[in-house]
Amino acid sequence: MSPIEAIRRHQAELTAFRRDLHAHPELGMAEFRTAEKVATALEALGIEVHRGVGGTGVVGVLRNGSGNRAIGLRADMDALPMDELTDLPFRSTVKGAMHACGHDGHTTMLLGAAKYLTETRNFDGIVHFIFQPGEEGCGGALAMLEDGLFERFPCDAIYGMHNRPNFPLGEFAIRSGAFMAGGAFFDITITGKGAHGARPEASIDPVLAACHVTAALQSIVSRNLSPRDVAVISVTKVVGGEAYNIIPETAVISGTARFFSRDVGQQIEEGLKRVAAGVAAGFGASANVDYRLIFAPTINAPEHTEALAAAAAELVGEDKVARDKPPAMASEDFSFMLERVPGAYINFGIGDGAEVHNPRYQFNDEAIPYGAALFARVVEKGLVKG
């Protein structure tokens, strides 16, 4: 029996677990109920459980045989701060929180893999089941790392995955090297001199300066970076003033930057500071830039990319595994773990539907056996039993 078929025997149980998580979403770093349900489920399987890793993180440890090599499998647990607009019977019961990115599905798949591996024991070594809090820009991966994740639970390789709507169910997509972009948030505070709206000559208008800074920031990608370096700078918010007849003292420009290498991210940070200060100074104003790296670029190691792709191909066939997926401009904080331990990250299809981060998004429970089986199979192939 294939791992997919073996895990399908538990489809009803896993689906019920996933839908319970969906109905009770918790935001990043506050996944108390979710973490306890995960820990309890792992303990019921006889797996050694460590709670409170990096806050609300959970790590399960399963050993078999005499091998000392270890593989880490990671899933994220947090929901998004948004209201659900579906009519599902198990829709969110929490106002302002929804599993609109499928992390409830990822968590369930990792539990499915744990259940399968405890039953089959077809590996020789150690598996660390890593349930991470706060992936959605809340610093959950870094919190676990700062809490000694890999010192306490050493891994020779680590793997993760993410669902992909509007990609066929039972198919996978991956690439070696840069897989997802790094991401930074920035706030640029322009400080000028307030005045009456009828007397602009008495002001140093920070709103006017902010408008020019916003336009000038686009020159960083087009004129400071190599055309071979893909990057995006998006200003998503400009805020200044509260009244029609008052020129304010300050204005704030906020946005995000995306890039595929740490070096390019550093060039963008330097460019933001240089352009903002220079343009603001031209208007007699000053600029202060707060630039925060939220996600490192997600870089798949070649050897581990091949291991994950080969495991997927064994399960569903080579024709259902795309090995040259174009890099995505979206970001993933699993990237920080990949900077510490070599591994790979893969997408799996869940069929047609609303995109992630959409209030009408729905995870397809039929995808659970595919993801769980891939987690399990990459362990079996990486920790071969003698």
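Close-up 1. Four bridges join strand β1 (residues 48-53) to strand β2 (residues 57-64), and the two run antiparallel. Strands here are DSSP runs of E with at least two residues, while helices are DSSP runs of H or I with at least four residues, and both are numbered from the N terminus; two strands are said to pair if DSSP finds at least two bridges between them. Three residues lie between the strands of this hairpin, and Gly-54 takes a positive phi near 70° there. The model is a predicted one, in which local features need pLDDT of at least 70 and side-chain atom pairs count only at pLDDT 80 or more, whereas totals for chains, interfaces and linings use all residues. Residues are numbered from 1 along each chain as its sequence is written, and side-chain values use heavy atoms, with hydrogens and water left out.

**Close-up 2. Eight strands form an open sheet with mixed pairing.** Strands of a sheet pair through backbone hydrogen bonds, either parallel or antiparallel. The order of the strands is β1-β2-β4-β3-β5-β16-β6-β15. Strands β1 and β15 (321-322) stand at the edges with a single partner strand each, so one side of each has no neighbour in the sheet. Further in, strand β3 (residues 70-76) and strand β5 (residues 157-164) pair in the parallel sense over four bridges, and Arg-74 stands opposite Gly-160 in β5.

**Close-up 3. Helix α7 (residues 206-224) and helix α8 (residues 262-282) cross with their axes within 9 Å.** The crossing angle is roughly 140°, and the crossing is right-handed (left-handed if the near helix is turned anticlockwise from the far one by less than a right angle, right-handed if clockwise). The residues of α7 that meet α8 include Ala-209, His-212, Val-213 and Ala-216, and among those of α8 that meet α7 are Gln-267, Ile-268, Gly-271 and Leu-272.

**Close-up 4. Aromatic pairs involve Phe-334 with Tyr-345 and Phe-348 with Phe-363.** A pair of aromatic rings is described by the distance of the centres and the angle of the planes. Rings of Phe, Tyr and Trp (its six-membered ring) pair if their centres lie within 6.5 Å, and planes under 30 degrees apart count as stacked, over 60 as edge-to-face and the rest as tilted. By this rule the count comes to three aromatic pairs. The pair of Phe-334 and Tyr-345 is tilted, at 5.4 Å centre to centre with 35° between the planes. Because Phe-334 lies in helix α10 (residues 334-340) and Tyr-345 in strand β16 (residues 343-349), this pair ties together parts that are eleven residues apart in sequence. Phe-334 is buried, with a relative accessible area of 0%, and Tyr-345 also counts as buried at 0% relative accessibility; buried means under 20% relative accessible area, exposed over 50% and partly exposed in between (1.4 Å probe, protein chains only). The rings of Phe-348 and Phe-363 have their centres 6.4 Å apart and their planes at 75°, so this pair is edge-to-face. Phe-348 is in strand β16 and Phe-363 in the loop between β16 and α11 (368-382), so that the pair links distant parts of the chain, 15 residues apart. Both Phe-348 and Phe-363 are buried.

**Close-up 5. Ring pairs link Phe-179, Phe-334 and Tyr-345 into a cluster.** The charged end of Lys-325 sits over the ring of Phe-179, 5.0 Å from its centre, where a charge sits over a ring if NZ of Lys or CZ of Arg is within 6 Å of the ring centre and within 35 degrees of the ring normal. Not counting residues up to four places away in sequence, Tyr-345 touches residues including Arg-74, Gly-160, Phe-179 and Phe-334.

**Close-up 6. Asn-166 has a positive phi of about 60° although it is not a glycine.** Asn-166 is placed in the loop between β5 and β6 and is partly exposed, with a relative accessible area of 40%.

Key:
Axes fitted to C-alpha atoms, helices over the stretch in contact; angles between N-to-C directions. Contact = heavy atoms within 4.5 Å.
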